[in-house]
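I am new to it and would like a plain account.

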Amino acid sequence: MSTKGLTGAPRQVIFGPLREGGRVDVVARRISQAIGLGLITDGEQLPSESALADSLKVSTVTLREALSSLREQGLLETRRGRGGGSFVRTPTEPSAARMRSLLGELCPHELREIGDHHVAVSGAAAKLAAERASAEQHAVLGKLIGHLAAARTIGERRRADARFHVGIAAAARSNRLTRDEITLQGEVGELLWLPSAGDCPNLGAAVEQHSDILVAIESGAGHLARSRAEAHVDLGITRLIGLRRRLP
């Protein structure tokens with residue numbers, strides 16, 4: 001599913017001006033996060049270099065270096081000739097060993113800090129979405145829940161989960177909340193679906209929680225949407241902290 005399918009807000013955020021400055025690593029991280037979360041999909045063509053540099057407010061030299069880095073990471077491929085340009089390549093499925101290594105780099109206190117931030121962002125986005133979202137955005141969120149229910153691999157579940165949360169922020173019509181949600185999903189979204197012996201993420205429970213959040217949004221119950229979103233995020237972070245404490 002493309003960013004257009006989520007409404008225009010995620011695309012505006014992904015390709016919008018960088019707050020952190022125009023360094024090569026910042027540009028590359030912005031685009032790689034969007035690819036990793038499935039906000040820019042496999043085979044999708046990026047805007048032209050001149051248009052992308054202009055929208056990000058960086059020089060074309062900086063952008064080219066960032067795109068080169070993404071090609072080295074296998075996230076982009078360049079096609080020459082008519083209809084050519086930079087095209088997205090979906091990353092390979094993450095291994096459990098790699099995810100455990102990433103989790104090991106975060107201490108429980110750091111995870112709780114990220115969780116506190118994520119609870120605040122997701123809760124505020126859900127409340128505002130209940131007040132501002134259109135019927136069309138409700139339908140988009142419903143489709144995203146269906147994508148999660150149908151997902152089979154860890155990567156598919158992670159991307160479907162992330163798109164739902166980013167979709168709520170987009171429905172809240174807040175570019176800042178959308179930007180924060182994308183960043184937070186980039187930090188821990190992959191880890192939330194890390195399987196562990198005797199403690200695997202419950203797909204059915206996640207789908208049910210997403211559905212409950214959407215019901216509250218559709219009914220305009222802002223405070224209920226907030227509390228359900230906050231509880232959903234807190235459950236995931238609490239599980240992650242438990243996994244981290246059990247690592248060697």
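At what angle do helix H10 and helix H11 pack, and how far apart are their axes? The model is a predicted one. In it, helix H10, which covers residues 203-218, packs against helix H11, residues 222-246, at an angle of about 160 degrees, and the two axes are 8 Å apart. Because angles over 145 degrees count as roughly antiparallel, H10 is roughly antiparallel to H11. The crossing in which H10 passes H11 is left-handed.

The residues that form this contact can be named on both sides. H10 supplies Gln 209, His 210, Asp 212, Ile 213, Val 215, Ala 216 and Ile 217, and these meet Leu 224, Ala 225, Arg 228, Ala 229, His 232 and Leu 235 in H11. Sorted by class, the contact of H10 with H11 has eight nonpolar residues, three polar ones and two charged ones.

Helix H11 also holds Val 233. Is Val 233 buried or exposed? Its relative accessible area is 6%, so Val 233 is buried, since buried means under 20%. Apart from neighbours within four places in sequence, the residues in contact with Val 233 are His 118, Val 119, Ser 122 and His 165. Arg 100 gives a further point of reference: Val 233 and Arg 100 are 133 residues apart along the chain, and their C-alpha atoms are separated by 20 Å.

The next step is the protein as a whole. The secondary structure comes to eleven helices and two strands. Read from the N terminus, the order of the elements is α-α-α-α-β-β-α-α-α-α-α-α-α. The C-alpha trace spans about 50 × 45 × 30 Å along its principal axes. For 248 residues, a compact globule would have a radius of gyration near 18 Å, and the value for the protein is 18 Å, which agrees. Of the 248 residues, 48% are buried. When contacts between residues at least 6 apart in sequence are considered, 75% of them join residues at least 24 apart.

Another pair of packed helices is H2 and H4. Helix H2 is made of residues 24-36 and helix H4 of residues 60-72; they pack at an angle of about 55 degrees, with their axes 8 Å apart. That angle makes H2 oblique to H4. H2 passes H4 in a right-handed crossing. On the H2 side the contact involves Val 24, Val 27, Ala 28, Ile 31 and Ser 32, which meet Thr 62, Leu 63, Glu 65, Ala 66, Leu 67, Ser 69 and Leu 70 in H4. By class, the contact of H2 with H4 has eight nonpolar, three polar and one charged residues.

Helix H4 also packs with H3. How do the axes of H3 and H4 cross? They come within 9 Å of each other and cross at roughly 110 degrees. H3 and H4 are therefore roughly perpendicular to each other. From H3 the contact takes Glu 49, Leu 52, Ala 53 and Leu 56, and from H4 it takes Thr 60, Leu 63, Arg 64 and Leu 67. The residues of this contact of H3 with H4 divide into five nonpolar, one polar and two charged.

With a relative accessible area of 2%, Leu 67 is buried. Leaving aside neighbours within four places in sequence, Leu 67 is in contact with Ile 31, Leu 46, Glu 49, Leu 76 and Ser 86. The C-alpha atoms of Leu 67 and Arg 100 are separated by 28 Å, although the two residues are 33 apart along the chain.

Two loop residues complete the account. Lys 57 lies in the loop between helix H3, residues 49-56, and H4. Lys 57 is not a glycine, yet its phi is positive, at about 65 degrees. Its relative accessibility is 58%, so Lys 57 counts as exposed. Arg 173 lies in the loop between helix H8, residues 154-171, and helix H9, residues 175-189. Phi of Arg 173 is near 60 degrees, again a positive value in a residue other than glycine. Arg 173 has a relative accessible area of 53% and is exposed.

Definitions and conventions:
Residues are numbered from 1 along each chain as its sequence is written. This is a predicted model: local features need pLDDT of at least 70, side-chain atom pairs count only at pLDDT 80 or more; totals for chains, interfaces and linings use all residues. Side-chain values use heavy atoms; hydrogens and water are left out. Axes are lines fitted to C-alpha atoms, for helices over the stretch in contact, and angles run from 0 to 180 degrees between N-to-C directions. Helices (H or I, at least four residues) and strands (E, at least two) are DSSP runs, numbered from the N terminus. Angles under 35 degrees count as roughly parallel, over 145 as roughly antiparallel, 65 to 115 as roughly perpendicular and the rest as oblique. A crossing is left-handed if the near helix is turned anticlockwise from the far one by less than a right angle, and right-handed if clockwise. Contact means heavy atoms within 4.5 Å. Ala, Val, Leu, Ile, Met, Phe, Trp, Tyr, Cys and Pro count as nonpolar, Asp, Glu, Lys and Arg as charged, and the others, Gly among them, as polar. The radius of gyration is taken over C-alpha atoms; the globule rule is 2.2 Å times the number of residues to the power 0.38. Buried means under 20% relative accessible area, exposed over 50%, partly exposed in between (1.4 Å probe, protein chains only).
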